[in-house]
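Biologist: I'd like to learn how to read a model like this one. Could you walk me through a few features?

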Amino acid sequence: MLDRRLTYFSELERFIREWDEVCQAVVFQAAPDLENEKSFDLAIPCFQWSKVKKLPPAKISEALAAALELAKDHLGLDAVESLNAYVNIRFRSDILQRELAAREDDPLRASREALAGERIAIDFSSPNIAKPFGFGHLRSTNIGAAICRIYQSLGAEVVRINHLGDWGTQFGKLITAYKHFGNADFVKGDPINNLYALYVKFHEEEQKDPALMDEAREWFVKLEQGNEEARELWTWFRDVSFHEFKKIYDRLGVSFDYVTGESFYNELMEASVSLIESKSLLKESEGAQVVDLESYGMPPCLIRKADGSTLYATRDIATAEYRMKTFEPTKLVYVVGSEQKLHFRQVFKVLELMGYPWGERWVHVDFGLIKSDQGKMSTRKGNIILLEDVLNQAEERALQIIEEKELTKPEERRLTPAEKKEVAKLVGLGAVIFFDLKAKRTKDIIFSWEDILNFEGDTGPYLQYSYVRLGSLLERAKAESIKWSKADWPLLAVEEERDLVRHILNFPAAVEAAAKEFEPSVISHELLELAGSFNRFYMKVPILKGESDQVAGRMHLIEMTRKLLRQGLELFGIQCPDRM
RNA sequence: GUGCCCAUAGCUCAGCUGGAUAGAGCAUCAGAUUUCUAAUCUGAGGGUCGAAGGUUCGAGUCCUUCUGGGCACGCCA
């Protein structure tokens with residue numbers, strides 16, 4: 001990732017444009033690792049001029065290199081080289097230092113105002129009441145929470161909404177199952193798991209006795225009409241469920257501005273249906289009321305069932321109207337699995353036909369399924385992995401590793417039992433969150449205990465460990481009375497050092513790209529590269545040894561790297577221990 | 001059947017608006033710790049980028065077709 005807004009890029013670009021006015025946009029790319037003593041910061045492919053100039057790219061490369069050579073001092077270049085069809089460029093150290101200095105207090109400064117004025121309302125997590133919080137729910141929760149933090153860090157205003165699935169025929173099913181197979185004491189014993197057991201039981205029994213489904217539908221009609229018994233049971237199920245969810249959210253460090261279930265929008269639905277009707281969009285079909293979307297290449301959107309009750313789409317339409325009016329967001333985002341792509345396309349289209357020409361402002365941020373080895377996880381079949389179990393196991397594994405490492409540590413670095421527990425908590429959580437955010441969100445994730453409990457390589461703990469190493473360097477420097485100030489800059493004498501600086505300077509561009517694509521994994525990869533770059537530097541160079549001005553500059557670089565690593569991980573809700 | 005998504009090393013994945021010899025991690029093997037935390041780093045092996053055409057000076061990337069897999073397609077959410 002290159003940040004083309006860096007002033008040294010833009011100055012170079014301006015020069016090249018003046019050099020050749022035909023050129024539309026200058027293409028830059030990261031320089032490859034050539035087997036040279038000194039690496040390049042940037043490469044310019046010269047094919048882009050070949051056609052208009054009617055010259056082979058290698059000739060153009062030579063000419064451009066010669067022109068740049070003459071302007072070397074002015075542009076702050078250290079080396080210019082023409083190699084085949086490319087011009088490779090290396091900037092002077094002071095040019096990179098100047099950029100570092102501009103953001104030394106805040107490595108993300110360059111992008112802080114990038115989304116100022118935006119207000120996004122984002123619907124994420126949104127679990128179904130009366131079902132345990134499975135590992136699958138982590139995706140929406142994690143991706144959504146990360147997007148919130150990313151947008152906030154770019155200056156946008158964020159409205160976090162947890163749209164609980166607390167309405168619909170599933171509650172008819174639950175009430176039916178409760179009446180047939182359950183009782184109050186059973187539910188009180190272990191509310192969420194036993195409600196879930198009833199739900200699974202319903203689906204088993206329904207196979208044998210289809211009449212149960214009719215009964216479930218009836219109960220939902222009653223619930224929607226305000227039947228007292230149905231209401232009471234529903235309220236109870238809802239309360240005990242949310243109590244359990246709250247524990248998970250606290251553990252993940254996720255919070256919401258609004259926790260409003262689908263039921264909240266119940267009363268708004270009639271108005272939405274009326275509006276749809278007044279626009280002559282509604283038509284009857286097989287007893288139900290639908291909006292025909294055939295001319296948009298989609299199947300019809302069901303608004304009202306034959307029995308008069310509403311559907312998922314109806315509620316989402318009413319909900320969207322409410323959010324647009326209440327929050328007046330510049331974007332209304334839904335973090336929901338990709339199996340609902342068609343649903344959102346339909347809902348957005350109906351809203352558009354209703355007179356809300358929002359287009360790009362509605363966003364469905366979709367993501368892949370979490371699959372177990374046995375295939376898709378299904379709450380209905382009961383083969384679900386609980387998030388709580390995953391978090392617990394990860395913490396246990398972390399603790400186990402910490403205990404092993406303790407034995408090899410010198411006395412003064414050992415942790416107290418309380419510290420071990422705290423570190424295990426952060427590391428376990430870091431491992432799980434990062435595992436989930438590492439791959440591009442649209443990829444399906446295959447759940448594997450082995451992968452999730454591996455703390456080496458491209459993992460959260462690796463990043464946390466790198467942070468700890470950086471902190472350890474600073475501590476050590478302090479202990480050895482090494483002094484440095486903000487006036488000390490890295491001299492970039494070794495390639496590893498320069499590479500690290502490049503990663504720091506390009507990081508803000510990655511955060512912006514992540515926001516634009518609603519894709520946290522862009523940041524995951526940038527974090528891994530940042531940490532990898534630092535670790536290579538660390539292994540190659542004895543940072544605390546050497547000339548005092550060199551050490552001072554490097555310590556300043558270490559400080560900045562540490563800060564950026566922490567900021568980056570915070571975007572994912574991953575905290576860093578000071579020692580581990 | 002129709003639509004959408006996916007296919008890169010044994011496994012999990014990067015690959016930014018098309019550009020140099022397709023890169024990481026895991027696993028395997030070989031190394032590095034009297035020196036700043038080895039949850040690290042270095043190296044090796046491992047690839048017809050699912051297949052075939054096309055566009056282009058240039059295709060993992062764009063277009064078409066095909067194959068394989070996933071998801072969705074009216075009274076669930």
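This is a predicted model: local features need pLDDT of at least 70, side-chain atom pairs count only at pLDDT 80 or more; totals for chains, interfaces and linings use all residues.

Biologist: Let's begin with helices. How do I describe two that pack together?

Modeller: Two packed helices are described by the angle between their axes and the distance between the axes. Take helix 12 (residues 269–278) and helix 13 (residues 312–327): their axes cross at roughly 95° and come within 9 Å. Angles from 65 to 115 degrees count as roughly perpendicular, so helix 12 is roughly perpendicular to helix 13.

Biologist: Which residues of helix 12 and helix 13 meet?

Modeller: From helix 12 you have M269, S272, V273, L275 and I276, and they meet T314, R315, I317, A318 and E321 of helix 13. By class, this contact of helix 12 with helix 13 holds 6 nonpolar, 2 polar and 2 charged residues.

Biologist: And what is the angle between helix 16 and helix 18?

Modeller: Helix 16 (residues 417–438) packs on helix 18 at about 130°, and the axes are 7 Å apart. Helix 16 and helix 18 are therefore oblique to each other. Helix 16 brings L426, V427, G430, A431 and F434 to the contact, while helix 18 brings G460, P461, L463 and Q464. Here the contact of helix 16 with helix 18 has 6 nonpolar and 3 polar residues, with no charged ones.

Biologist: Now the RNA. How many residues surround RNA strand B, and which are the closest?

Modeller: There are 69 residues around RNA strand B, and the closest are Y86, E286, K305, K405 and Y465. Of the RNA strand B atoms that come within 4 Å of the protein, 61% belong to sugar and phosphate. The surface near RNA strand B is made of 32 nonpolar, 13 polar and 24 charged residues.

Biologist: Which helix gives the most to the surface near RNA strand B?

Modeller: That's helix 18 (residues 460–479), with 8 residues. For individual atoms, look at S472: one of its polar side-chain atoms is 2.5 Å from a phosphate oxygen of RNA strand B. E262 places a polar side-chain atom 2.9 Å from a sugar or linking oxygen of RNA strand B. At A306, a polar backbone atom lies 2.7 Å from a base oxygen of RNA strand B.

Note on methods
Residues are numbered from 1 along each chain as its sequence is written. Chains are lettered from A and ligands numbered from 1 in the order in which they are written. Side-chain values use heavy atoms; hydrogens and water are left out. Axes are lines fitted to C-alpha atoms, for helices over the stretch in contact, and angles run from 0 to 180 degrees between N-to-C directions. Helices (H or I, at least four residues) and strands (E, at least two) are DSSP runs, numbered from the N terminus. Angles under 35 degrees count as roughly parallel, over 145 as roughly antiparallel, 65 to 115 as roughly perpendicular and the rest as oblique. Contact means heavy atoms within 4.5 Å. Ala, Val, Leu, Ile, Met, Phe, Trp, Tyr, Cys and Pro count as nonpolar, Asp, Glu, Lys and Arg as charged, and the others, Gly among them, as polar. A residue is near a molecule or strand if one of its heavy atoms lies within 4 Å of it. A polar contact is a pair of N or O atoms within 3.5 Å; within protein, one must be able to donate a hydrogen and the other to accept it, and residues adjacent in sequence count only if both atoms are side-chain atoms.
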